[in-house]
Each structure stands twice: as C-alpha cells, then as structure tokens.
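Subject: Structure for you to look at

Hi,

Here is the structure I promised to pass on. Please open it beside this email and follow along.

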Amino acid sequence: MSAFNPKTQDHKLASKMIVALERISETFRVLLWEEAKKHQLSPIQIQLLIFLLYHPKEQRKVSYLAKEFNMTKATVSDSIRVLFKKELITKEKDPNDTRSYTIDLSPSGTAIAQQCSVFTNPIEKSIQQLSNDQQDLILDGLMHLINGLNSDGVITVQRMCRNCAQYRYTEGKHYCSLLELYLKTTELRVDCPEHSPKTAS
Ligand code: SF4
C-alpha cells in the first residue's frame, strides 16, 4: 500500500511520516534551487561548494564526493569541470597518482560557499520554535532512521556517532571512547570530523 494514499495514512503512522519527510525534503529542494539561481549554478554545484568549505583534504576528491552525494563519479566530475571553468575551485594533483586530485575552493568559491551555506536558515528558524524535548526526540529519531537506511545500503557515507567504531551504548548512555566522554542525545554528532568507520567483523 502506497504511503502516498491518504487512506493508508489514516491507519499507518509510518506512511504519515514518509509524507511529512517528503515535505521537508521539498523545502530543502526549493531553498537550494533559489540559492542556485542566485549564483547561476546548479543545486549540486552549490552542495559541492558548501561541502568543500567544511571538509578536510581527504574528503575533497571526486571518488569521496560521489559516495557522499550518492552520485556517479562521472556526474560529480561534470559539476567539478563547471566549477573549475568558473574559477570557483582549484585542483591539486596527487603526486602518487596523476589521475587523482584534491579539490580546493578558490577565494571567489569560498565567498560563494559562505553565502550559500546558510540557505537552510528558514528551516533552522522553524526548528528553533520547537521545545528542547521535541528537538531532542526528533534528532534521536532522525539519527536512528539515517543509521537504518545506511545499514540497509540505501544511503552511503555517514559520519554519525551511531555508526562510528568509537561509539558505545551502555546502560542507556552514549559514550565516545575517542573523546572519553559520555554524550547527551543532543551532543551526538551527525557529521563528526573524528568519525572512524566500523570495520566488518
Ligand atoms: S569519534 Fe565522533 S562520531 Fe565517533 S563516537 Fe566520537 S563523537 Fe561520535
């Protein structure tokens, strides 16, 4: 039964949640489009610029970006080519592999990425109107959901606590063995710079 059938939604909470998530995803899409139009870039080019602004060198390669955005390397390369032509990025060749390179933002690319990086402000404003308890519950639910989708292979790269080799959950408490700290639910990270992927046992 389709989640989009209003009759299904009447008796199935998961269906209502899917439709609600779709509305949120639509909000992202609309806001991103508006930002992209302002800079005469495509939505994915804007997302790439923002990602490059905040992530380290080892994550700024075509192969990593393809996994991050669940796209083919060819599609990412096309966007990178346009950004390079517009002088918004530079490429640094890997001395050990001439086919591979790291991508850096140019000064004008950095300026655009900084302007665009707040495109989600209207969503943030709405979230801040929720109570702390509501925010806490939603964050916990979303992290479980993302982790499940990642485990099922629907989405690829994640850098969240729940799928980190350093994460422990004991006696109802979250613990990071790298930081040697107990974390509140609101302190769990969704994009952690120190994240270490779990290795298959
Ligand atoms: S290293 Fe980062 S992602 Fe991993 S458990 Fe610690 S805070 Fe979470």
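Predicted model: local features only at pLDDT ≥ 70, side-chain atom pairs only at ≥ 80, totals over all residues.

How are H3 and H6 oriented to each other?

**The overall layout**

The chain has 8 helices and 5 strands. Follow the sequence and the pattern reads α-α-α-α-α-β-β-α-α-α-β-β-β. The C-alpha trace spans about 50 × 40 × 35 Å along its principal axes.

Two packed helices are described by the angle between their axes and the distance between the axes.

Start with H3 and helix H6, which covers residues 107–116. Their axes lie 9 Å apart, and the packing angle is about 100 degrees. Angles of 65 to 115 degrees count as roughly perpendicular. H3 and H6 are therefore roughly perpendicular to each other. That settles the opening question. On the H3 side, the contact uses Ile46, Leu49, Ile50 and Leu53. On the H6 side, it uses Thr110, Ile112, Ala113, Gln114 and Cys116. By class, the residues of this H3 and H6 contact are 7 nonpolar, 2 polar and no charged.

Next, take H3 (residues 43–54) with helix H5 (residues 73–85). Their axes come within 10 Å and cross at roughly 75 degrees. H3 and H5 are therefore roughly perpendicular to each other too. Here H3 brings Ile44, Gln45, Leu48 and Leu49. H5 brings Ser79, Ile80, Val82 and Leu83. The contact of H3 with H5 has 6 nonpolar residues, 2 polar ones and no charged ones.

Last, look at helix H2, residues 13–38. The axes of H2 and H3 come within 8 Å and cross at roughly 90 degrees. So H2 is roughly perpendicular to H3. Leu32, Trp33, Glu35 and Ala36 of H2 meet Pro43, Ile46 and Gln47 of H3. The contact of H2 with H3 counts 5 nonpolar, 1 polar and 1 charged residues.

**The ligand**

Where does the ligand sit? The ligand is in the largest cavity. Find these residues around the ligand: Met160, Cys161, Cys164, Gln166, Tyr167, Cys176, Leu178, Leu179, Arg189, Cys192, Glu194 and His195. This shell holds 8 nonpolar, 2 polar and 2 charged residues.

**Where to begin**

Select H3 and turn the model until H6 comes into view. Check the crossing of about 100 degrees by eye.

Best wishes

Definitions and conventions
Residues numbered from 1 in each chain as written. Heavy atoms only, no water. Near = heavy atom within 4 Å. 1 Å grid on protein atoms, 1.4 Å probe; cavity = no way out; pocket = protein on both sides within 12 Å on 5 of 7 lines; lining within 4 Å. Sits in = over half its atoms within 2 Å of the grid points. Nonpolar A, V, L, I, M, F, W, Y, C, P; charged D, E, K, R; others polar. Axes fitted to C-alpha atoms, helices over the stretch in contact; angles between N-to-C directions. Helix = DSSP H or I, 4+ residues; strand = E, 2+ residues; numbered from the N terminus. Parallel < 35°, antiparallel > 145°, perpendicular 65-115°, else oblique. Contact = heavy atoms within 4.5 Å.
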